[in-house]
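User: I am new to this structure and would like to go through some of its helices and strands. Please show it before we start.

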Amino acid sequence: MASVEIVDIRKNYGALEVLHGINVSIASGEFIVLVGPSGCGKSTLLRMIAGLEEITVGDIRIDGQVVNEVPPKDRDIAMVFQSYALYPHMTVRNNMSFSLRMRGASRERIDRGVADAANVLALESLLERFPRQLSGGQRQRVAMGRAIVRQPKVFLFDEPLSNLDAKLRVLMRTEIKALHQRLGTTSIYVTHDQLEAMTMADRIVVLQDGRIEQVGPPLDLYDRPANRFVAGFIGSPAMNFIPGILNPANGGWAVEANGATLAVGSAGKARQGQKVMFGIRPEHLEVVAPAAGIAAEVEVVEPTGASTFVFTQIAATPVCAALNDRRLPRPGDRIGLAPQPDRIHLFDAETGIRLND
């Protein structure tokens with residue numbers, strides 16, 4: 001295991017700067033997920049840690065050593081790719097042992113490493129098969145096994161589950177997390193899937209346009225997003241946002257939004273007359289009688305089994321509510337929506353910065 005420090009990393013492609021001063025400290029044994037939309041720079045950053053991309057400015061330190069000029073093969077890291085990158089003419093055993101054979105490891109070390117990795121990943125019965133004889137999930141486990149046999153200081157995962165179907169992604173997500181808990185190796189995982197990030201990470205690094213928006217444990221980002229981007233990116237369905245103006249009301253505060261009045265428990269740093277975004281997650285909206293909440297008309301109802309998503313409009317803005325009740329409204333019904341008071345988020349309409357505590 002090893003710590004990883006990313007210090008003021010910048011990356012330029014000619015005159016275009018794609019990473020703008022990234023700083024992250026990763027503790028030994030930690031599982032960090034880099035998440036963000038396509039083009040945010042997360043894979044570029046991972047490839048710089050691996051030594052596959054040059055660093056324009058800044059330092060990357062592994063176990064306290066600056067590795068900017070260290071070749072990838074000497075960084076004591078192992079990388080699992082999206083495309084598996086298995087040799088089709090080699091058996092599972094030979095794919096897993098390839099890196100050790102290239103390093104001139106002893107036969108005993110190779111056999112022990114392959115046996116241990118195969119046992120951890122339940123690959124013992126597949127060692128003599130070729131990649132073409134394996135399912136997608138089995139190929140991904142072989143790719144992970146090839147990384148494990150090296151016993152590296154750091155694992156790097158570059159969107160390893162994006163080629164798998166939905167059910168297999170859930171299974172492999174659990175397997176990777178269980179593997180990390182068993183091995184305890186420092187791991188850096190890149191994905192655009194916020195659900196993967198939420199379920200796997202010790203801490204999440206949210207990136208947008210080459211900048212860090214927020215770093216923290218998954219539930220901290222979910223409950224207290226630093227800005228509107230993080231609030232909208234983390235969580236599925238996404239947080240609802242209703243634009244309006246903050247004003248005093250009934251001894252407290254409320255957001256006036258195109259004829260609707262949305263009560264707010266605490267205004268935090270917001271000021272009277274400020275343009276704000278009223279944020280509320282779908283699961284924090286309760287369906288009540290029209291007179292007992294914010295009036296809304298049901299447009300679409302989407303049952304998913306465990307919960308049902310009800311899509312409505314409030315103040316000419318689309319709003320989704322997530323219900324666990326089997327007594328469901330129908331399209332065209334008039335309902336009331338009651339936000340849970342302690343779950344309301346306020347963001348500055350221009351900067352997107354969080355305003356309330």
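This is a predicted model: local features need pLDDT of at least 70, side-chain atom pairs count only at pLDDT 80 or more; totals for chains, interfaces and linings use all residues.

Analyst: A residue counts as buried when its relative accessible area is under 20%.

User: Against which helices do the buried residues of α2 pack?
Analyst: Helix α2 spans residues 92-102, and its buried residues are Val-92, Asn-95, Met-96, Ser-97, Ser-99 and Leu-100. Just after α2, Gly-104 has a positive phi of about 75°. The buried residues of α2 pack against α3 (107-120) and α4.

User: Are α4 and α5 roughly parallel or roughly antiparallel?
Analyst: Helix α4 (residues 136-148) packs with helix α5 (residues 166-183) at an angle of about 20°, and their axes are 11 Å apart. Angles under 35 degrees count as roughly parallel. α4 is therefore, relative to α5, roughly parallel.

User: What is the handedness of the crossing of α4 and α5, and which kinds of residue form the contact?
Analyst: On the α4 side, the contact includes Gln-140, Arg-141, Met-144 and Ile-148, and on the α5 side it includes Leu-168, Met-172, Glu-175 and Leu-179. The residues of this contact are seven nonpolar, three polar and two charged. The crossing of α4 past α5 is right-handed.

User: Why is strand β14 described as largely enclosed by the rest of the structure?
Analyst: Strand β14 runs over residues 275-280. β14 is largely enclosed because, of its six residues, the number buried is five.

User: Which strand pairs with β14 over six bridges, and which over four?
Analyst: One antiparallel partner of β14 covers residues 240-249 and makes six bridges; in that pairing, Ile-242 is bridged to Phe-278 of β14. The other antiparallel pairing has four bridges and involves residues 345-348, where Asp-348 is the bridge partner of Val-276. The strand with six bridges is β11, and the strand with four is β20.

Methods: Residues are numbered from 1 along each chain as its sequence is written. Side-chain values use heavy atoms; hydrogens and water are left out. Axes are lines fitted to C-alpha atoms, for helices over the stretch in contact, and angles run from 0 to 180 degrees between N-to-C directions. Helices (H or I, at least four residues) and strands (E, at least two) are DSSP runs, numbered from the N terminus. Angles under 35 degrees count as roughly parallel, over 145 as roughly antiparallel, 65 to 115 as roughly perpendicular and the rest as oblique. A crossing is left-handed if the near helix is turned anticlockwise from the far one by less than a right angle, and right-handed if clockwise. Contact means heavy atoms within 4.5 Å. Ala, Val, Leu, Ile, Met, Phe, Trp, Tyr, Cys and Pro count as nonpolar, Asp, Glu, Lys and Arg as charged, and the others, Gly among them, as polar. Buried means under 20% relative accessible area, exposed over 50%, partly exposed in between (1.4 Å probe, protein chains only). Two strands pair if DSSP finds at least two bridges between them.
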